[in-house]
Amino acid sequence: MSIQEDYQTAKKQYEKWGINVEEVLEKLQDVPISIHCWQGDDVVGFETNQQELSGGIDVTGNYPGKATTPDELRSDLEKALSLIPGKHRVNLHAIYGETNGEVVERDQLEPKHFENWVNWAKENELGLDFNPTLFSHEKSDDGFTLAHPDKSIRDFWIRHCIASRKIAAYFGKELGTPALTNIWIPDGYKDIPSDRLTPRKRLKESLDEIYAVEIDEKYNEDAVESKLFGIGSEAYVVGSHEFYMGYALKNNKLCLLDTGHYHPTEVVSNKISAMLLYSDKLALHVSRPVRWDSDHVVILDDELREIGLEIVRNDALDKVSIGLDFFDASINRVAAWTIGTRNMIKSLLYAMLTPNEYMKQLQEDGNFTERLALMEEFKTYPFGAIWNYYCEKMGVPVGETWLDEVKSYEDAVLSKRI
Ligand code: RNT
Ligand code: ZN
């Protein structure tokens, strides 16, 4: 049977439940995923005075062929994007600026250092998002940045964050879609603190200074990302969930929830509905923690499906900015992007192909038997046939055939890199 025939048969099964599959696919096309550039080079970036990766995060593996220049990274991203259905966004970090071999301090970065990225985004019809980089730098060597006891160090990072918001606003203006600037800092202690409050007061003041600079929300939106622990900050992280949730609600910023930044049995899918009652927008870093915040490639597991369901059934596609955050250096990096992003899209499609209103009513009626039965039966509905048709319709490889393209790209391009 052909993809078309499979699709027609599958479609009928979903239509029995009142699901308009054509409409679902139209809608899915318009959901952008913000693809993180840093999977392509193991979070190295292009700074002239590069430092080792720090900040309590870690990349393991040494798969050959990682991008070491902006053109290589863009070419790898283009390859991945050609295998992912839909129009998406690319998420940059400040360390991915281009300074022509010149050492430009992070607090001196300007829009011009990201001109090539903007031109490339225009050519490829992509939106861009941004992150100041508050790690892998001598001024963050002791693990502190915006909450540092030394004012001159704090001020440096405050200037960097303000410069970053201006760069993001330039993206937003040039590309006609607001950029999201997400602040994540590593600040925390390895061992039990004798004072948890003072660093948090300092972080609050630093954020106030950063956001005192007004930037049109038409061009830039601000998010803050919390964390539970990092390598070297096991006992205490200044920017905890409660800290940023309070800050974001009070100051009208977006909370960014990274799926690897909570206790092992705590899930982001359960936070979305609660937080959206109190703020208009949310942002996500979809990742996959394996035993710790390991940033494994996102797979279509129960939690990813649940995240998709929460966004879709609560009509929150316009309220939740979906970004990815994983970095695996043990497999082909173009494949890593492709697998993770395709899975994120699959989870949204799965959710859209679920009779959500009917299932909500079952719960209201106390019919938990049918609720569970249907949830389980839908797992084996012909979802794959709809997904395959969607890929074909969007002009990207169907099923695992994308892997052939990654292999050819590896032979022709990646394996030639030193
Ligand atoms: C770290 C945070 C942060 C980084 C990126 C590179 O734990 O998740 O988002 O992964 O900024
Ligand atoms: Zn993250």
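Biologist: Which residue takes a positive phi in the hairpin of β10 and β11?

Modeller: R291 does, with phi near 70°. The hairpin leaves one residue between its strands. Bear in mind that this is a predicted model.

Biologist: How do you know that strands β10 and β11 pair?

Modeller: Pairing takes at least two bridges. Strand β10 (residues 288-290) and strand β11 (residues 292-296) are joined by two bridges, so they pass. They run antiparallel. R288 stands opposite H296 in β11.

Biologist: Now the metal. Which residues are the protein donors of the zinc ion (ligand 2), and how do you know that they count?

Modeller: They are E225 (OE), D258 (OD), H285 (ND1) and D325 (OD). A donor must be an N, O or S atom within 2.8 Å of this metal. These lie 2.1 to 2.2 Å from the zinc ion, so they qualify. Along the chain their spacing reads E-x32-D-x26-H-x39-D. D258 and D325 link distant parts of the chain, being 67 residues apart. D258 belongs to strand β8 (residues 254-258), whereas D325 lies in the loop between β12 (320-324) and α10 (333-352).

Biologist: Why is the arrangement around the zinc ion (ligand 2) called octahedral?

Modeller: Look at the angles. Six donor atoms subtend 72 to 170° around the zinc ion. Octahedral calls for six donors, with opposite ones over 155 degrees apart and all others between 65 and 115. The arrangement is therefore octahedral.

Biologist: Are D258 and D325 buried or exposed?

Modeller: Both are buried. That puts each under 20% relative accessible area.

Biologist: What makes G395, N100 and D315 count as exposed?

Modeller: G395 has 61%, so it is exposed. N100 reaches 82% and counts as exposed too. D315 has 59%, and is therefore exposed. G395 sits in the loop between α13 (383-393) and α14 (402-412). Its C-alpha atom is 32 Å from that of N182, 213 residues away along the chain.

Biologist: What is the phi of N100, and of D315?

Modeller: For N100 it is near 55°, a positive value in a residue other than glycine. D315 also has phi near 55°, and again is not glycine. N100 lies in the loop between β2 and α4 (115-123). D315 is in the loop between α9 (302-313) and β12.

Biologist: What makes one space a cavity and another a pocket?

Modeller: In a cavity the probe fits but cannot get out, whereas a pocket is open. The search finds five cavities of 30 Å³ or more. The largest cavity has a volume of about 190 Å³. Among its 18 lining residues, I57, H93, W184, E225 and D325 lie nearest its centre. Recall that E225 and D325 are also zinc donors.

Definitions and conventions. Residues are numbered from 1 along each chain as its sequence is written. Chains are lettered from A and ligands numbered from 1 in the order in which they are written. This is a predicted model: local features need pLDDT of at least 70, side-chain atom pairs count only at pLDDT 80 or more; totals for chains, interfaces and linings use all residues. Side-chain values use heavy atoms; hydrogens and water are left out. Donors are N, O and S atoms within 2.8 Å of the metal (3.2 Å for Na, K and Ca); water is not among the atoms, so sites may look incomplete. Four donors count as tetrahedral if all angles lie between 85 and 135 degrees; four count as square planar and six as octahedral if opposite donors are over 155 degrees apart and all others between 65 and 115; anything else is irregular. Helices (H or I, at least four residues) and strands (E, at least two) are DSSP runs, numbered from the N terminus. Buried means under 20% relative accessible area, exposed over 50%, partly exposed in between (1.4 Å probe, protein chains only). On a 1 Å grid over the protein atoms alone, a cavity is a set of points where a 1.4 Å probe fits but cannot get out, and a pocket is an open set with protein on both sides within 12 Å along at least five of seven lines; lining residues have an atom within 4 Å of a point. Grid points are joined across faces, edges and corners, and a volume is the space filled by probe spheres set on the points.
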